[in-house]
Amino acid sequence: MDMFRFLKSFLLLLVPIQLCAAEPSTALRIATFDVDATPPIGSMMAYDPVTNKWELGLRARGIVLLGADKPIVLCAVDWIGIANESQDAFKNALAGAAGTSPERVAVHTLHQHDAPECDFSAEQILKKAGLDPRQYEGTFQRKVLADLERAVKEAVLRPTPVSHIGLGQAEVYKVASNRRIPGPDGKIKAVRWTATPDASIRAEPEGTIDPMVSIVSFWNGDKPVAVLSYYATHPQSYYRTGMPNPDFPGVARFLRQLAVPGALHVHFNGAGGNIGAGKYNDGSPEMRLVLAERLADGMKRAWESTRRESIAADQVKWTIEPVALPPAAYLTIEKLEAELQQKAATFTNEAGASRLAWVRRCAEGRTINVSCLKLGRARILHLPGELFVEYQLAAKKKRPDLFVAVAAYGDYAPAYVGTAVAYEEGGYETQTDSSNVAPAVETVLLSAIDKLLTEK
């Protein structure tokens, strides 16, 4: 009897010990992952085959946040775009690897042009028609996806506690400029390309931009674990070299990685659809380093201005707003399928297969998730397409009381996403071979952004 009472008392003493041992699983933790995303020689990039390698390759990297309900995955890839079924595949694979749902995964690209494109829907359409899938051939892309899946599975087994987040921002000087040059009649008279040899076009005013780079960092005590940066601009200094490379944002990211080596640096392109470096870039190869150093300088000053704030799992929240983006009126399934059947050059050379996949998905009622990550007083929006900077500025204006950052270039299928007035102004970004959405897209997206930023 005495032994029975002793064992009973001993087991009761174990209960609080077990409860304490379980507590860390509900605390906020972070796992980081980073894999090589550089295509091999002979494979096809968005515009050209790979003929050689550059000093810096392409990366696919990100974070998994654990402890705030189901895991949250953020991933940034040094490719031109990931669209349609490929977005589904990436989100499903990363969700499975992290033990979460696809709705809690955000996959973005940085939009470098000497880099691969990924659209498994377009690949299937072209192969079924007996056509060369060209840049949509997905063998290499599926390998990277498998590598990412393995990396995430391994990463979540060794997470690091998160005690603080850091928020900082700074102006970036002489990098971004608006690509759309208006004439006296309000119509777009010229496009200032990302590389602009014409000095008279470079001399035009900088135009509407968001000059700020935003930094969100995760800390374990006084040690930074991950640094996420957000800046809105097309990332090209020059391209079509045959060498996959991360261009000047990738060089800037590398410089910051060297400066703060203990943390993984992950960069996201903001709403840079109508933004480029054209005012400050004549396209000469030397300008890549100049632009990279200017962006890295802004990142450095944002890092130095960072304010650390304690963070707990109950201060982290993930919300989504499914949106049905209206397809452009000039894109119809019948027209695109006829071009496919005729094997028209306009179909194969102008992303016709990806467009056909996009309008089919729209007709099926498929939606795209616009999402928001809440981190204390910070809000990070995840948006599709080559978004105009006005959407990013509107989001920041909506909540000046919060720290708002924007990652665009999520689902690449919509292509350029202009403002409603931009479709009346003309210009490259809103013409029929550039944008896959209708002007009503502005109302849809701004409504979703407003809802996400005003939710408690």
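1. Cys118 has a relative accessibility of 1% and therefore counts as buried, where buried means under 20% relative accessible area, exposed over 50% and partly exposed in between, for a 1.4 Å probe and protein chains only. This is a predicted model, in which local features need pLDDT of at least 70 and side-chain atom pairs count only at pLDDT 80 or more, while totals for chains, interfaces and linings use all residues. Residues are numbered from 1 along each chain as its sequence is written, and side-chain values use heavy atoms, with hydrogens and water left out.

2. A disulfide is a covalent bond between the sulfur atoms of two cysteines, and the criterion applied is a pair of cysteine sulfur atoms within 2.5 Å. A search of the whole structure finds 0 disulfides. For Cys118, the closest cysteine sulfur is that of Cys75, and it lies 11 Å away, too far for a bond. Cys372 is in no disulfide either, since the nearest cysteine sulfur, again in Cys75, is 19 Å away; Cys372 is also buried, with a relative accessible area of 2%.

3. A cavity is a set of points, on a 1 Å grid over the protein atoms alone, where a 1.4 Å probe fits but cannot get out, whereas a pocket is an open set with protein on both sides within 12 Å along at least five of seven lines; lining residues have an atom within 4 Å of a point.

4. The whole structure holds 5 cavities of 30 Å³ or more, and the largest cavity has about 80 Å³ of space. Among the residues that line the largest cavity are Val227, His265 and Trp303, and by class the lining has 5 nonpolar, 3 polar and 2 charged residues. The largest share of this lining, 3 residues, comes from β14, in a numbering from the N terminus where helices (H or I, at least four residues) and strands (E, at least two) are DSSP runs.

5. An open sheet of 5 strands has the order β14-β13-β12-β8-β16, with mixed pairing, and two strands pair if DSSP finds at least two bridges between them. β14 (264-269) and β16 (307-310) stand at the edges with a single partner strand each, so one side of each has no neighbour in the sheet. Within the sheet, β12 (residues 212-220) and β13 (residues 223-231) pair in the antiparallel sense over 7 bridges, and Ser217 has Val227 in β13 as its bridge partner.

6. The largest pocket holds about 790 Å³ of space, and of its 33 lining residues the closest to its centre are Tyr47, Ile80, Tyr412, Tyr428 and Asp433. The second largest pocket has a volume of about 440 Å³; 26 residues line it, with Asp88, Lys91, Thr367, Ile368 and Asn369 nearest its centre.

Note on methods:
Grid points are joined across faces, edges and corners, and a volume is the space filled by probe spheres set on the points. Ala, Val, Leu, Ile, Met, Phe, Trp, Tyr, Cys and Pro count as nonpolar, Asp, Glu, Lys and Arg as charged, and the others, Gly among them, as polar.
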